[in-house]
Amino acid sequence: DLSSSTRFNCPHEDPNLLDWHMNSTWDGSIPSSGDVILPSNSRIIVRQSLNEILGVITIPPTSELIFGETESGISFDIHGVNVMGKLTIGSETCRIGTPITI
């Protein structure tokens with residue numbers, strides 16, 4: 001149940017997150033192939049599945065990649081991930097209630 005009243009401080013509900021699927025997050029164009037480096041000093045949310053397969057995703061030390069949730073789940077097809085910053089899927093007080101496949 002996505003609206004459980006026992007959940008709080010959900011990382012994916014922060015209104016200041018940058019959306020993976022918005023051109024403005026990537027200075028013009030959403031990544032559609034190859035390796036991807038998240039912008040420095042950014043907190044980016046994935047709210048829906050990718051339509052393509054990407055290479056290695058690098059999360060710089062000052063950045064965070066956060067997964068949200070949808071009723072149908074999220075599929076994030078990549079060849080690898082290099083986490084130097086933070087990769088977040090839910091939290092201790094906000095368990096993700098739908099499948100996320102990386």
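Two strands are taken to pair if DSSP finds at least two bridges between them. Helices (H or I, at least four residues) and strands (E, at least two) are DSSP runs, numbered from the N terminus. The structure is a predicted model, in which local features need pLDDT of at least 70 and side-chain atom pairs count only at pLDDT 80 or more, whereas totals for chains, interfaces and linings use all residues. Residues are numbered from 1 along each chain as its sequence is written, and side-chain values use heavy atoms, with hydrogens and water left out.

Zero helices and nine strands were assigned to the protein, and the order of elements from the N terminus is accordingly β-β-β-β-β-β-β-β-β. Four strands form an open sheet in the order 1-3-5-8, with parallel pairing. Strand 1 (18-19) and strand 8 (86-89) are the edge strands of this sheet, each pairing on one side only. Strand 1 runs parallel to strand 3 (residues 43-46), to which two bridges join it. Within strand 3, I45 is the bridge partner of D19.

Three aromatic pairs were found in a search of the whole structure. The rings of W20 and W26 have centres 4.8 Å apart and planes at 75°, so this pair is edge-to-face. Rings of Phe, Tyr and Trp (its six-membered ring) pair if their centres lie within 6.5 Å, and planes under 30 degrees apart count as stacked, over 60 as edge-to-face and the rest as tilted. W20 is buried, at a relative accessible area of 0%, and W26 is likewise buried, at 13%. An edge-to-face pair is also formed by F67 and F76, whose ring centres are 5.1 Å apart and whose planes stand at 90°. Both F67, with 1% relative accessibility, and F76, with a relative accessible area of 1%, are buried. Ring pairs link W20, W26, F67 and F76 into a cluster.

Over the protein as a whole, 39% of the 102 residues count as buried (under 20% relative accessible area, with exposed over 50% and partly exposed in between; 1.4 Å probe, protein chains only). The radius of gyration, taken over C-alpha atoms, is compared with a globule rule of 2.2 Å times the number of residues to the power 0.38. A compact globule of 102 residues would have a value near 13 Å, and the 13 Å of the protein agrees. Along the principal axes, the C-alpha atoms fill a box of roughly 40 × 25 × 25 Å. Of the contacts (heavy atoms within 4.5 Å) between residues at least 6 apart in sequence, 56% join residues at least 24 apart.
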